[in-house]
Amino acid sequence: MQETFSELLQEVDDETVRRYVRAYIMMLLSMHLFGDKSCTRLHIRWLPYVTRLEDIGRYSWGFAALSWLYRCMCRVANRNIVKLVSPLQLLQSWIFWRFPSFRPDGFDVFHRPLASSLPGVVQVVHPEILEPRHMALWRAATDLIYFAVIEWHQVDQVLPQLGGIQHRPRAALDIDFLMSKNGRGGDRWFSDTLQSWHIHWANMAQYVL
């Protein structure tokens with residue numbers, strides 16, 4: 001993929017540009033946001049999501065990446081696992097933000113606006129993201145879905161981080177049985193086999209704190 005799409009020639013038509021864009025997005029998804037330990041392979045499951053570039057904005061990529069990060073952090077706690085794969089740049093940004101003593105020498109928090117504060121975020125994200133209808137998603141105690149990976153967004157456990165007052169948290173939801181779901185084997189369509197979780201996600205507006 002990198003050899004084929006590494007350089008876009010000048011004076012090409014729009015469809016050629018779109019092909020290069022699709023290739024770039026697939027590499028970004030497979031190798032950075034949702035990478036595996038090979039670091040060299042692209043999964044064909046991303047093809048339907050880049051077919052229509054106009055539809056890409058309809059998907060909750062942030063929630064899916066967070067789900068994959070949670071799952072990878074759970075797996076690496078297993079003594080038989082020796083490498084961690086996931087969107088580690090997100091984890092690193094959070095660590096530098098929450099634990100200033102871990103920042104490397106010369107680190108300036110304002111060089112990483114996504115890991116610092118809301119005014120910095122405003123400068124680098126689309127303003128629509130900060131509209132109330134989208135900000136409500138951050139406060140939804142719901143499930144996070146990434147194909148066969150289901151994780152729980154337990155924002156009710158960290159209300160002070162969202163500017164709220166912490167009440168007595170409910171017991172954490174036990175979804176250990178989902179850890180064995182890796183999406184391999186058979187031709188299952190996850191929205192059918194994991195239907196109850198997809199329904200919960202679709203109704204997330206009911207679970208906004």
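**The cysteines and their setting**

Mentor: Cys72 is buried, at a relative accessible area of 5%. Buried here means under 20% relative accessible area, exposed over 50%, and partly exposed in between, with a 1.4 Å probe and protein chains only. Remember that this is a predicted model: local features need pLDDT of at least 70, side-chain atom pairs count only at pLDDT 80 or more, and totals for chains, interfaces and linings use all residues. Residues are numbered from 1 along each chain as its sequence is written, and side-chain values use heavy atoms, with hydrogens and water left out.

The structure has 0 disulfides, a disulfide being a pair of cysteine sulfur atoms within 2.5 Å. Cys72 is in none; its nearest cysteine sulfur belongs to Cys74, 9.3 Å away. Cys74 is likewise in no disulfide, with the sulfur of Cys72 as its nearest cysteine sulfur, 9.3 Å away. Cys74 is partly exposed, at 38% relative accessibility.

Next, the helices. Helix α5 covers residues 88-98, and its buried residues are Leu91, Ser93 and Phe96. These pack against α4, residues 61-76. Helices (H or I, at least four residues) and strands (E, at least two) are DSSP runs, numbered from the N terminus.

Now the strands. β1 is residues 143-146, and it pairs with β2 in the antiparallel sense over 4 bridges. Pairing requires at least two DSSP bridges between the strands. Ile145 has Ile150 of β2 as its bridge partner. The two strands form a hairpin with 2 residues between them. Phe147 sits in that turn, with a positive phi of about 55 degrees. Strand β2 runs over residues 149-152. Val149 and Glu151 point one way from β2, Ile150 and Trp152 the other way. All four are buried.

Finally, the whole chain. There are 9 helices and 2 strands. The order along the sequence is α-α-α-α-α-α-α-β-β-α-α. Of the 209 residues, 28% are buried. A contact is heavy atoms within 4.5 Å. Among contacts between residues at least 6 apart in sequence, 48% join residues at least 24 apart. The chain exposes about 14500 Å², with carbon and sulfur atoms supplying 57% of that area. Accessible areas come from the Shrake-Rupley method with a 1.4 Å probe; for residues, only the protein chains shown count as cover.
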